[in-house]
Amino acid sequence: KGLEGDTQLDYSGAMMIVTIKLTSFGFNVADGRGGAVTDYDKRMQIKQYPSLMEFFGWVFFFSGFMTGPTCEYMDYIRFTHHFFLSADSKVSPVRPTLHVLSKVAAVMLFLVFVAPTFAMTKTLEPSFTALPIYQRLLFIMVSAIGTRSKYYCIWLLYEGSFVLCGFGYNGYDPRTGRHRWNRISNVDIVEVELSQSYKQLSSKWNIGANNWLRHYVYVRLVPPNTKPKAIATIMTYLASGLWHGFHPGYYFLFISVALLQVLGRRVRRAVHPFMFTPDGQTPLPRKKVYDFLGWLFTMGTVAFLVTPFDLLYISRTFYVWRQVYYPHYCVLVLGWCFVLAAEKRLLAMQKRYCVKPAKMDNVPPAVAMLN
């Protein structure tokens, strides 16, 4: 996995999926004994133990077993008992499956013809250091897209298997007049690539693992109707790093993401209300600039955090980061300087500017950034 693997047989993906399933199963059983708090917990609680056939059928369910997306036990039971079927006998999974496979084909073309030229391992070669600084920066950014594309490809393939067997059916949408096939999905490529915040990126990347971290780690540390804490976000990302493995690159990635997400939340809390009219209803022209800077901050910094995920070791990671002068950490330090210097003043200005306080979603989804 990454630059190096400990065997030619990569079994880590299946182990990670089984970890998600077994830990969530334990929480679901505990919730079934009276511990369920959120609506999601109540929907997934297990009040009756399954038979061995049901349990192992769910654990080794072929769709998503190797890499995800994964499914909750209660959703699997509802599927096998035909709760997800449409009353319309003409509904067929063939067309939506082909739609998913068309996206797989597009990603494969990028992986075959573009990604090999920008492999992250090439950043360790002397030819990389000979490039001008702007080319080094662009190289890492394109390389990060290549890394993400590998996961787009495999997750979409497994999403197609969920759709084809009927598990992905998610009812009829009266607004669009179409049947939905998005019950089980692990990534939204457009949302990921156009993310304007780490919160948005986290919620649309590795969705199955993100839901697991959110409902069985983050929410357990910060119950509903309580104030979110930065330490809970950091602990959740540490759990994500542990879930991925013991290579130090994973921890550089997830701790850095946690710090950047907390920073982004603080900046958004201080600045976002000024992007609207005082009543908070109509966006102002400057919001377009705000949205672009949010995208540049998110996708620009995350590109350099893919480096430790791919290279795994501290020496290799810092060797590459030195060639581009640590841009993501420069942004992190400057951002926190801005927060410490201007946050209180901006919050005071909000009280005079806003007709009523802007309502913000303060509960970020905890996520596995990279699988």
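**Close-up views of a predicted model**

**View 1. Arg33, an exposed residue of helix α1.** At 66% relative accessibility, Arg33 counts as exposed, because the cut-off for that word is over 50%. The model shown here and in the other views is predicted. Arg33 belongs to helix α1, which covers residues 12-35. Val324 is 291 residues away from Arg33 along the chain, and the C-alpha atoms of the two are separated by 53 Å.

**View 2. The tilted ring pair of Phe61 and Phe62.** A pair of aromatic rings is described by the distance of the centres and the angle of the planes. A search of the whole structure gives 36 aromatic pairs. In the pair of Phe61 and Phe62, the ring centres are 5.0 Å apart and the planes stand at 50°, so the pair is classed as tilted. Are these two residues buried or exposed? Phe61 has 9% relative accessibility and counts as buried, whereas Phe62 has a relative accessible area of 54% and is exposed.

**View 3. The stacked ring pair of Tyr237 and Phe254.** The rings of Tyr237 and Phe254 lie 6.5 Å apart, centre to centre, with 25° between the planes. This pair is stacked, because its angle of 25° falls under the cut-off of 30 degrees. Tyr237 sits in helix α11 (residues 230-244) and Phe254 in helix α12 (residues 248-271). The two residues are 17 residues apart, and their pair links distant parts of the chain. Tyr237 is buried at 1% relative accessibility, and Phe254 is buried at 0%.

**View 4. One aromatic cluster of seven named residues: Phe25, Phe55, Phe56, Trp58, Phe60, Phe65 and Tyr73.**

**View 5. The packing of helix α3 against helix α4.** Two packed helices are described by the angle between their axes and the distance between the axes. Helix α3 (residues 52-59) and helix α4 (residues 73-80) have axes 10 Å apart, at an angle of about 110°. The two helices are therefore roughly perpendicular to each other.

Notes. Residues numbered from 1 in each chain as written. Predicted model: local features only at pLDDT ≥ 70, side-chain atom pairs only at ≥ 80, totals over all residues. Heavy atoms only, no water. Phe/Tyr/Trp six-rings, centres within 6.5 Å; stacked < 30°, edge-to-face > 60°. Buried < 20%, exposed > 50% of the residue type's maximum accessible area, 1.4 Å probe, protein only. Helix = DSSP H or I, 4+ residues; strand = E, 2+ residues; numbered from the N terminus. Axes fitted to C-alpha atoms, helices over the stretch in contact; angles between N-to-C directions. Parallel < 35°, antiparallel > 145°, perpendicular 65-115°, else oblique.
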